[in-house]
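Trainee: Please take one part of this model and go through it closely. I would like its neighbours and its surroundings in one connected account.

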Amino acid sequence: MSDTDARISTLVNDNDVVLFMKGTPLFPQCGFSSRAVAILDHCGIAYESVDVLQDMEIRQGIKSFSDWPTIPQLYVKGEFLGGSDIMMEMFEAGELQQLLDEKQVAKAEG
């Protein structure tokens with residue numbers, strides 16, 4: 001396992017929910033990342049975000065780690081769910097909130 005894979009693995013396994021995205025939740029740098037943040041915020045859960053624009057190794061490494069070519073990417077309890085399109089489909093069908101509840105993901109504070 002490369003150093004980058006080890007860093008990604010630690011992020012994914014140490015946090016209930018991780019969103020690898022372009023930008024930050026307060027300042028997303030692409031429409032897909034913005035949509036992913038809006039979905040997670042609407043679900044009211046606590047999540048960690050990783051700005052791939054700040055780390056080229058993570059930006060490239062996450063694509064091979066998940067075997068998924070695009071960003072953003074969402075992980076819940078160590079499991080890769082997909083990008084913003086899959087998140088949107090799951091959200092609209094009620095499946096995302098159900099999964100988050102089943103996995104007992106912590107609610108956002110505030």
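**Strand β1 and its surroundings**

Mentor: β1 pairs with strand β4 (residues 48–51) in the parallel sense over four bridges, where strands are DSSP E runs of at least two residues and helices H or I runs of at least four, numbered from the N terminus, and two strands pair if DSSP finds at least two bridges between them. This is a predicted model, in which local features need pLDDT of at least 70, side-chain atom pairs count only at pLDDT 80 or more, and totals for chains, interfaces and linings use all residues. Residues are numbered from 1 along each chain as its sequence is written, and side-chain values use heavy atoms, with hydrogens and water left out.

Five of the five residues of β1 are buried, meaning under 20% relative accessible area with a 1.4 Å probe and protein chains only; exposed means over 50%, and partly exposed lies in between. In a regular strand the side chains alternate between the two faces of the sheet. In β1, Val-17, Leu-19 and Met-21 point one way, Val-18 and Phe-20 the other.

Val-17 and Leu-19 also belong to the largest nonpolar core, which has 19 residues; together with Leu-74, Leu-96 and Leu-100 they touch the most other members. Such a core is a set of buried Ala, Val, Leu, Ile, Met, Phe, Trp, Tyr and Cys residues joined through side-chain atoms within 4.5 Å. β1 (17–21), α2 (31–43), β5 (73–76), α4 (84–92) and α5 (95–102) each supply at least two residues of this core, and α2 gives the largest share, five residues. Leu-100 is in contact (heavy atoms within 4.5 Å) with Val-17, Cys-43, Ile-45, Val-76 and Val-105, not counting residues up to four places away in sequence. A second, separate core has 10 residues, including Val-12, Val-52, Ile-58 and Tyr-75.

Val-12 brings in helix α1: the buried residues of this helix are Thr-4, Ile-8, Ser-9 and Val-12. They lie on the same side of α1, because they cover an arc of only 135 degrees around the axis, taken from the directions from the helix axis to the C-beta atoms. β1, α3 and β5 are among what covers them. On the other side of α1, Asp-3, Asn-13 and Asp-14 are exposed.
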